[in-house]
Amino acid sequence: MLAGGIIGESLAPSPMLATLPITALVVGLAAAAVPVALLIRRVGRRAGFVIGAGVSAAGALVAAHATGAGSFAEFCGATFVMGAAGACVQQYRFAAAESVDARHSGRAVSLVLVGGIIAGALGPEIGRRGRLWFGGEFSGAFLLVVIVQVAAMALLSALRIPAATGPAVSHAQLPFRAFFARKSFVLAVVAAGSASAIMSFLMTATPISMHVHDAHSVDDAGFVIQSHVIAMFAPSLVTGWLVDRLGVRRMMMAGVLALGAAIAAAASAHSLLAYWMGLVLLGLGWNLLFIGATVLLTKSLEPAERFRGQGLNDFTVFSSQAIASLAAGAVLHQFGWAAMNLAAVPVLLLVLALVIKAKPGTFS
């Protein structure tokens with residue numbers, strides 16, 4: 001996220017396409033969501049997760065070559081591959097929720113997301129330290145990503161969990177449209193999709209707005225993104241417990257309010273402090289709303305439906321995120337940073353209305 005927009009700005013044939021590498025990553029994730037869910041159902045969690053890490057390492061190698069060669073198309077292809085690998089990572093939270101009693105699913109999802117604290121510290125640091133290695137900008141950073149993914153493969157190969165299999169269910173028995181007939185499933189998908197879209201829309205544009213438009217340094221942009229990613233995941237130390245204690249509806253409402261505060265803070269100025277406050281609140285709001293929506297999703301699916309339902313959810317959520325990240329560059333260049341923050345308000349109001357109108361039984 002730190003490097004993608006900056007590389008896109010330098011390699012893209014038009015500034016309007018600066019966020020296309022980030023969009024390609026999210027499109028890859030969305031496109032792979034359903035196939036990965038079905039693959040994991042067939043080969044098991046451990047094998048699916050190891051395959052995902054291997055594909056991610058391959059994509060990072062291509063990205064390193066693309067930045068050195070100055071090829072925008074190749075770089076977008078590389079981020080697409082890395083995004084597809086990310087569909088495996090998205091399954092971690094479902095594996096955690098299914099491994100514990102239903103009462104503790106919120107805490108299980110949260111504890112998995114706590115790993116993002118490491119990502120928040122390590123990711124931007126990899127970008128900064130490897131930025132100028134081997135000639136091409138950020139080529140070294142992607143080689144460091146390869147090392148990280150190889151280490152992940154080693155860890156995941158030692159994972160010992162039962163193969164993720166379920167009763168055979170035909171497409172005729174469980175048509176995709178049947179999922180969207182359930183109010184709880186629709187609310188979970190809309191909430192998670194909106195949280196991810198708003199987060200991606202603003203986060204993707206932040207390094208470009210800070211570094212290119214407002215002349216903040218790459219280090220400052222890296223600090224803001226680092227703080228944002230930590231804010232996305234550090235609350236997971238307590239949000240799972242809060243979901244279990246306070247309920248899904250209240251946590252989703254809190255997420256909406258935090259996202260509203262993020263928009264207000266980010267749109268208020270172009271200073272480092274305004275960017276930092278906006279992105280930290282954006283991470284917090286995403287965490288609350290996304291975890292609440294994930295727990296609601298797990299409650300809305302029967303065991304025999306979980307793989308198709310999870311894949312359909314991730315496809316819908318990350319398709320929304322892909323559209324948002326693609327629009328981010330164009331909206332930023334055409335209308336500016338403050339206007340693109342305000343453009344997220346209608347989506348947030350929609351989620352707020354749906355949560356308020358939902359009947360109490362939707363969340364049980």
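Modeller: Gladly, and please keep in mind that this is a predicted model. Let us begin with Thr 23, which is found in helix H2.

Colleague: Is Thr 23 buried or exposed?

Modeller: Thr 23 sits in helix H2. Its relative accessibility is 4%. Buried means under 20%, so Thr 23 counts as buried.

Colleague: And which residues does Thr 23 touch, not counting those up to four places away in sequence?

Modeller: Contact here means heavy atoms within 4.5 Å. With residues up to four places away in sequence left out, the partners of Thr 23 are Ala 322, Ser 325 and Leu 326.

Colleague: Where is Ala 57, and is it buried or exposed?

Modeller: Ala 57 belongs to helix H3. Its relative accessible area is 7%. The limit for a buried residue is under 20%, so Ala 57 is buried.

Colleague: What does Ala 57 touch, and how many Å separate Ala 57 from Tyr 275 in space?

Modeller: Not counting residues up to four places away in sequence, Ala 57 touches Val 146 and Gln 149. Tyr 275 is 218 residues apart from Ala 57 in sequence. From C-alpha to C-alpha, the two are apart by 31 Å.

Colleague: Which helices each supply at least two residues of the nonpolar patch on the surface?

Modeller: The patch is formed by Val 27, Val 43, Ile 51, Val 55, Phe 80 and Val 81, with about 400 Å² of accessible area together. One of these, Val 81, has its place in helix H4 and is partly exposed, with a relative accessible area of 31%. The helices that each supply at least two patch residues are H2 (20-43), H3 (45-69) and H4 (72-98).

Colleague: Which residues is Leu 282 in contact with, leaving aside its neighbours within four places in sequence?

Modeller: Leaving aside neighbours within four places in sequence, its contacts are Ile 198, Met 199, Leu 202, Met 203, His 228, Leu 259 and Ala 262.

Colleague: Why does the end-to-end distance of helix H12 agree with what its residues should span?

Modeller: H12 has 20 residues, 248-267, and at 1.5 Å a residue it should span 28 Å. The expected span uses one less than the number of residues. The distance agrees because the end C-alpha atoms of H12 are apart by 29 Å.

Colleague: Which helices do the buried residues of H12 pack against?

Modeller: The buried residues of H12 include Val 248, Met 252, Leu 259 and Ile 263. The helices that the buried residues pack against are H9 (183-213), H11 (236-246), H13 (272-300), H15 (337-342) and H16 (345-357).

Colleague: What is the phi of Ala 215?

Modeller: Ala 215 is found in the loop between H9 and H10, and it is exposed, with a relative accessible area of 66%. Most residues other than glycine have a negative phi. Ala 215 is not a glycine, yet its phi is positive, at about 60°.

Colleague: Last one: what separates the C-alpha atoms of Gln 334 and Met 16?

Modeller: Gln 334 has its place in helix H14 and is exposed, with a relative accessible area of 52%. Along the chain, Gln 334 and Met 16 are 318 residues apart. Their C-alpha atoms are separated by 8.6 Å.

Technical notes:
Residues are numbered from 1 along each chain as its sequence is written. This is a predicted model: local features need pLDDT of at least 70, side-chain atom pairs count only at pLDDT 80 or more; totals for chains, interfaces and linings use all residues. Side-chain values use heavy atoms; hydrogens and water are left out. Helices (H or I, at least four residues) and strands (E, at least two) are DSSP runs, numbered from the N terminus. Buried means under 20% relative accessible area, exposed over 50%, partly exposed in between (1.4 Å probe, protein chains only). Patches are made of residues with over 30% relative accessible area and no salt bridge: like charges are joined within 9 Å, nonpolar side chains (Val, Leu, Ile, Met, Phe, Trp, Tyr) within 5 Å. Accessible areas come from the Shrake-Rupley method with a 1.4 Å probe; for residues, only the protein chains shown count as cover. A salt bridge is a side-chain nitrogen of Lys or Arg within 4 Å of a carboxyl oxygen of Asp or Glu.
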